[in-house]
Structures are given as structure tokens and as C-alpha cells.
Amino acid sequence: MKILPYAPDQSGLAYSVGTTLDRFIKLKQSDFPFASGELSQLLRDIALAAKIVNRETTRAGLSNIGGAFGQVNVQGEEQQKLDVIANIRFMRALSKGGEVCAIVSEEEDSVIDLKNSSGKYVVAIDPLDGSSNIDVNISIGTIFSIYRRRTPAGSPIQEKDIMQAGTEQVAAGYVLYGSSTMLVYTTGRGVNGFTYEQSLGEFFLSHPDIQAPKNGEIYSVNEGTQHDWEEGFKSYINQCKERRYSARYIGSLVADFHRNLLKGGIYLYPATKKNPAGKLRLLYEANALAYIAEQAGAMATDGTQRILEILPTTLHQRTPLLIGSQEMVKEAESFLSKPA
Ligand code: FBP
């Protein structure tokens with residue numbers, strides 16, 4: 001009986017499809033000596049829910065799931081049907097997975113206790129970001145942060161399990177439902193992006209080890225709120241214009257962040273008179289993207305401090321957000337008045 005060592009095909013007849021997310025997660029698990037596979041499974045559960053939400057968003061126009069749901073969420077925002085569907089899909093995947101003990105969601109007033117005695121992780125999630133763009137076929141996203149609970153598994157969920165600073169994240173990521181669907185995440189060892197191959201139902205590694213340019217010429221801000229801006233902020237945006245930077249604002253944080261992460265740029269949502277604490281939510285929008293930004297060599301602040309160092313006090317608390325290329329965020333910060 002002849003035994004030959006495997007020789008990878010050299011004919012080029014069957015091009016390599018690349019590394020699946022599953023395989024990548026498995027490969028990277030060895031980076032964590034005490035890894036038990038639970039975080040890996042949790043990431044897979046999120047990827048599965050993302051595939052289902054991707055299917056829903058791409059078919060939204062055909063299946064009567066566009067438009068308002070007829071309820072407002074704890075933020076006072078009108079919920080879109082897809083907001084609710086995405087929330088259900090991620091909740092279900094995370095509860096079935098078994099690794100998660102509690103969920104904080106933009107669409108839920110309170111912390112959701114999954115009554116899962118072995119769950120070691122807490123997930124904070126914005127199931128569908130960019131709700132105002134859902135019905136008009138513009139890129140939208142999902143944002144997630146993962147923490148290890150502080151109290152023993154099986155014991156009652158406590159505030160300290162939830163109110164953790166962004167520095168305590170063990171993983172974070174986003175899904176971008178755009179011209180192609182991508183999942184980008186970090187576990188604290190760099191940032192990797194995966195593109196969804198619909199026909200195979202798999203995410204494949206397409207953007208390994210993302211490094212954000214240190215500087216850029218793109219600024220993303222809703223100029224419609226400029227009447228509410230402080231003078232320093234107005235001066236910074238005027239300087240961007242004087243320098244002929246490109247103004248790019250999709251109105252979906254994930255999409256604006258993703259572009260600027262790859263091309264160099266800054267997304268800014270300052271405190272305004274309408275939103276004196278800023279608009280974006282700390283636990284399930286700003287923290288995840290700040291972790292990814294820093295892991296890719298970019299930066300995220302509220303204008304005075306690192307987003308990741310802010311200790312949350314309320315579930316849906318908001319924060320001003322300046323996020324993107326390091327040089328641009330540092331410069332924008334230098335224009336802002338410092339709290340007394
Ligand atoms: P949600 O859609 O999840 O509520 O997210 C907030 C958001 O839509 C961001 O995606 C976006 O960057 C920002 O708000 C847009 O706000 P505005 O319409 O005030 O510019």
C-alpha cells in the first residue's frame with residue numbers, strides 16, 4: 001500500500017477559496033492559552049445571526065419587513081421592523097449558543113438575563129445600526145461588544161457584570177450589510193475582516209490585519225447639526241474644508257467608520273444642544289468601534305478622554321464620539337474646549 005504526503009495542487013485549476021471565519025477562529029484560539037472554545041463558539045453564533053439578518057436585509061423590499069414597527073424604543077426612537085427582527089435574531093442565536101449570561105441591546109430597555117447558568121460572557125449589541133437608512137437601501141450594520149462576567153457563572157447577574165469600561169472587552173466587532181457583507185472583529189490581537197460569500201454561506205478572510213492610516217482627508221459629520229456645535233468644533237470642521245478634505249457622511253455609523261478605517265478619515269458626533277451628551281451609545285456603539293479602532297492603530301475619544309476608559313453608569317448612556325485616524329482625532333481634540 002503506497003502512502004504519499006499531500007502535495008498542494010499546483011495546476012491552478014481550482015483556485016483557493018481562502019480561510020473561512022470558522023477556521024480562522026479555530027486557528028486563533030491557540031493565541032489564548034486558557035481558551036475553552038466558548039468565545040470561539042460565541043463569535044460563530046454572532047456570525048450565524050449576521051447571515052440570517054443579511055438575508056432579511058437583502059430581501060427587505062420583497063417581504064414586507066420594511067418600514068416602522070409601530071413602537072418606540074427606550075431611546076424614544078421609532079423602531080423599524082428590521083430593528084426588531086435583527087434584535088430577535090441575535091437574541092435567539094446568543095441564548096441558544098449557551099455562552100452568554102446577559103445581553104444589553106439598543107432595542108431592550110433593560111438587561112436581558114438569559115438564565116444560563118454556565119454563561120461566562122456578557123454581550124452588548126446594536127442589532128441594526130443606521131436605522132434611518134434601512135428603507136432606502138443604504139448600508140447598515142450590527143455592532144457588538146463582548147465582556148467576561150465578573151461574578152461567578154450561575155450566580156445572579158450583577159451591575160458590575162454589565163457596567164464595565166471598554167478596556168475590559170474581550171472581543172468586539174461589527175457587521176456591515178453593504179454592497180458586500182463583511183464581519184470585522186478583534187479579540188485584542190489585531191483586527192481582521194471577512195467577506196460573506198453568499199453562494200457558499202461562509203465568511204472568508206478578505207482583510208487580514210487591518211491597519212488604519214495614521215492620517216486622512218475624509219471627515220464624516222452631520223453638518224445639519226452645526227448650529228448646535230461649540231465654536232472649537234466649528235473651527236475644526238472649517239479647517240477640514242479649507243484643506244479641501246472630502247465630506248462623506250452616510251448616516252450609518254458602521255459604514256462611515258468602516259470607510260474611514262480603511263481609507264483614513266474621521267467620524268465625529270459631538271455633543272450638541274439636542275444631544276448634550278452626544279448621540280451615540282457608549283455600551284453598544286462607541287466601545288466596540290473604539291476597541292477596533294485602537295487595535296487597528298486608530299483612535300477614539302469623547303473629545304477629552306479615551307472612549308475605552310469611560311466607566312459606564314447607565315445602560316443606554318450616550319457619549320460624544322471622535323473616531324478615526326490618529327492624527328486627525330488628536331487634531332480635532334486640540335480644537336475642543338476642555339471641561340473646566
Ligand atoms: P441607530 O441607527 O442604531 O440608532 O444609530 C445611530 C445612528 O443612526 C448612527 O448609525 C449614525 O451615524 C447616526 O445615528 C446618525 O445620526 P444623525 O441622523 O443625527 O446624523
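Visitor: Happy to be here! How many Å separate the centres of domain 1 and domain 2?

Guide: Keep in mind that this is a predicted model. The domain assignment gives domain 1 as 21–210 and domain 2 as 218–336. Taken over C-alpha atoms, their centres are separated by 22 Å.

Visitor: What is the area buried between domain 1 and domain 2?

Guide: Good one to ask! On the contact list, 51 residues of domain 1 meet 33 residues of domain 2. Carbon and sulfur atoms give 64% of the area buried between the two domains, and that area is about 3,000 Å².

Visitor: Which residue does E106 meet in a salt bridge?

Guide: The rule finds two salt bridges across the interface of domain 1 and domain 2. A salt bridge here needs a nitrogen-to-oxygen distance within 4 Å. At 3.8 Å, N to O, the side chain of E106 meets that of R281.

Visitor: Which element gives the most to the side of domain 1 that touches domain 2?

Guide: Polar contacts also cross this interface, with 17 residue pairs, both at pLDDT 80 or more. On the side of domain 1, the elements giving two or more residues are β3 (100–105), β5 (121–129), β6 (140–148), β7 (169–177) and β8 (181–186). With eight residues, the element that gives the most is β7.

Visitor: And how many residues on that side of domain 1 are charged?

Guide: Let's sort them by class. The side of domain 1 that touches domain 2 has 24 nonpolar and 20 polar residues, and the charged ones number seven.

Technical notes: Residues are numbered from 1 along each chain as its sequence is written. This is a predicted model: local features need pLDDT of at least 70, side-chain atom pairs count only at pLDDT 80 or more; totals for chains, interfaces and linings use all residues. Side-chain values use heavy atoms; hydrogens and water are left out. Domain bounds come from an automatic or database domain assignment. Contact means heavy atoms within 4.5 Å. Buried area is the accessible area (1.4 Å probe) that two parts lose on being put together, summed over both. A polar contact is a pair of N or O atoms within 3.5 Å; within protein, one must be able to donate a hydrogen and the other to accept it, and residues adjacent in sequence count only if both atoms are side-chain atoms. Helices (H or I, at least four residues) and strands (E, at least two) are DSSP runs, numbered from the N terminus. Ala, Val, Leu, Ile, Met, Phe, Trp, Tyr, Cys and Pro count as nonpolar, Asp, Glu, Lys and Arg as charged, and the others, Gly among them, as polar.
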